Amino acid sequence: AIINKTPPEDLPPKGHFHYHQGVFLLGMEYVYKISKEEKYFEYIKKWVDSLIYEDGCIANYISDELDDIQPGMLLFDLYDKTGEDKYKIALKHLASLIKGWKTNGEGGFWHKGNTPNQMWLDGIYMGGPFAVKYGQLFNDPSYFDLIYHQITVMKNRMRDEKTGLFYHGWDYSKQADWANPETGLSSEFWGRAIGWYVMALLDIEECLPTEDHRRQEIIDIEIDLIKSLIDYQDKQSGIWYQVVDKPEKKDNWVEVSCSSLYVYAICKAIRKGYLDQTFMIYAQKGYHGVIDRLGYDHNGTLLVKDVCIGTGISNYDYYINRPTSVNDLHGLGALILMCCEYGCLFEEMEEAI
């Protein structure tokens, strides 16, 4: 649907090194690793090369927004396969930004330069896997320390004891218009933010050394959150809602991208042995729930619907009234990542049998 229609350099937002393209192309990278078809690698490379100059400078990105760190994940395989210095230079530059990131009074990353003291749950995916993978590749465990601290602050400040879910945002200063004046927390559990978080934890822990005790702590947070999410899976459709804990609200609606990310996480946790196979029923139900909502146009092109557009932090009415999009890149990326992980899990199960 995308390759046949859109040259890589035209992926939206065109000319911007941003997580929308980054997540979609990371899904494509997973497809490439499974299929070994070079057309996928070449498509990724052409997009990256349209934004990274030969001297390693990145053409257009916002240096104090975590959303623009995420596409750095694509540089690792490019550098490994080609050995081109520009990818290494760009990696080192993005890693240096993470090292000097602005933090609140508890050492938590600001999500953006213009959101002082605010931690957004999305941010752990936008910067976390990149930082620990960089630390793994270049043997610098200080990046492990930095990201583990982000996970810990989020768990301590943003997790709700009653539901086990995580709020979308926490403002250390309690000054944001969405922040509870006593806790600094936002008011709702937004689906995709939790999806980024639950996916990020698995991607982060696998980069830590096997003997690192923090791996098990991260896995424990992951499993606790997955089990909490299962409580809110819609029994009829198999997928989850835009505001996760309020499925009974008539104006709430099922959302494809968060559901895809949850299924990805459940499948990966089973595949890695962190959940037993009894949890497959939830993965299967979620997977088929997502697939059943896909459509096709008159040319037979796949249409991925019911994906919330990019979203800030606010109240229930704000999330419910956010527009949806068709074939939005970060929605497509979530879908592709889910399909790859689901397929890999079934392949391993069949081999075991």
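Where does Lys174 lie? Select Lys174 in your viewer and you will land in the loop between strand E2 (169-171) and H7. Remember as you look around that this is a predicted model.

**Stop 1: backbone angles to look at**

Stay on Lys174 for a moment. Its phi is near 60°, a positive value in a residue other than glycine. Why does that deserve a look? Most residues other than glycine have a negative phi, and most peptide bonds are trans. Lys174 is partly exposed, because its relative accessible area is 36%, a value between the 20% and 50% cut-offs.

Next, select Asn117. You are now in the loop between helix H4 (85-99) and strand E1 (118-120). Asn117 is not a glycine, yet its phi is positive, about 70°.

For a peptide bond to look at, go to Pro12 and Pro13. The bond from Pro12 to Pro13 is cis, with omega near -5°. Pro13 sits in the segment before H1.

**Stop 2: helix H7**

Now select residues 191-205, which form helix H7. How many of its residues are buried? The count is 15 of 15, and H7 is mostly covered. At 1.5 Å a residue, the 15 residues of H7 should span 21 Å, and the end C-alpha atoms are 22 Å apart, so the two values agree.

**Stop 3: helix H9 and Ser257**

Move on to residues 256-271, helix H9. Here 15 of the 16 residues are buried, so H9 is largely enclosed by the rest of the structure. The same length check works again: the 16 residues should span 22 Å, and the end C-alpha atoms are 22 Å apart. After H9 comes Gly273, with a positive phi near 85°.

Within H9, pick out Ser257. Is Ser257 buried or exposed? Ser257 has a relative accessible area of 0%, so it is buried; the cut-off for buried is under 20%. Show the side chains around it and look for two polar contacts:

- The side chain of Ser257 meets the side chain of Arg192 at 3.1 Å.
- The side chains of Ser257 and Glu255 are joined at 2.7 Å.

Setting aside neighbours within four places in sequence, Ser257 is in contact with Arg192, Asp306, Val307, Gly331 and Ala334.

**Stop 4: helices H6 and H8**

Colour residues 142-158 (H6) and 214-230 (H8) so that you can tell them apart. Two packed helices are described by the angle between their axes and the distance between the axes. For H6 and H8, the axes come within 11 Å and cross at roughly 35°. The crossing of H6 past H8 is left-handed.

Which residues make this contact? On H6, select Phe144, Asp145, Tyr148, Ile151 and Lys155; on H8, select Arg214, Glu217, Ile218 and Ile221. Sorted by class, the contact has five nonpolar, no polar and four charged residues.

As you view these side chains, keep a rule about helices in mind. An α-helix has 3.6 residues a turn, so residues three or four places apart point the same way.

**Last stop: Ser35**

Finish in helix H1 (residues 19-35), where you will find Ser35. Its relative accessibility is 30%, so Ser35 counts as partly exposed. Then draw a distance from Ser35 to Lys268, C-alpha to C-alpha: these residues are 233 apart in sequence and 19 Å apart in space.

Key:
Residues are numbered from 1 along each chain as its sequence is written. This is a predicted model: local features need pLDDT of at least 70, side-chain atom pairs count only at pLDDT 80 or more; totals for chains, interfaces and linings use all residues. Side-chain values use heavy atoms; hydrogens and water are left out. Axes are lines fitted to C-alpha atoms, for helices over the stretch in contact, and angles run from 0 to 180 degrees between N-to-C directions. Helices (H or I, at least four residues) and strands (E, at least two) are DSSP runs, numbered from the N terminus. A crossing is left-handed if the near helix is turned anticlockwise from the far one by less than a right angle, and right-handed if clockwise. Contact means heavy atoms within 4.5 Å. Ala, Val, Leu, Ile, Met, Phe, Trp, Tyr, Cys and Pro count as nonpolar, Asp, Glu, Lys and Arg as charged, and the others, Gly among them, as polar. Buried means under 20% relative accessible area, exposed over 50%, partly exposed in between (1.4 Å probe, protein chains only). A polar contact is a pair of N or O atoms within 3.5 Å; within protein, one must be able to donate a hydrogen and the other to accept it, and residues adjacent in sequence count only if both atoms are side-chain atoms. The expected span of a helix is 1.5 Å times one less than its number of residues.
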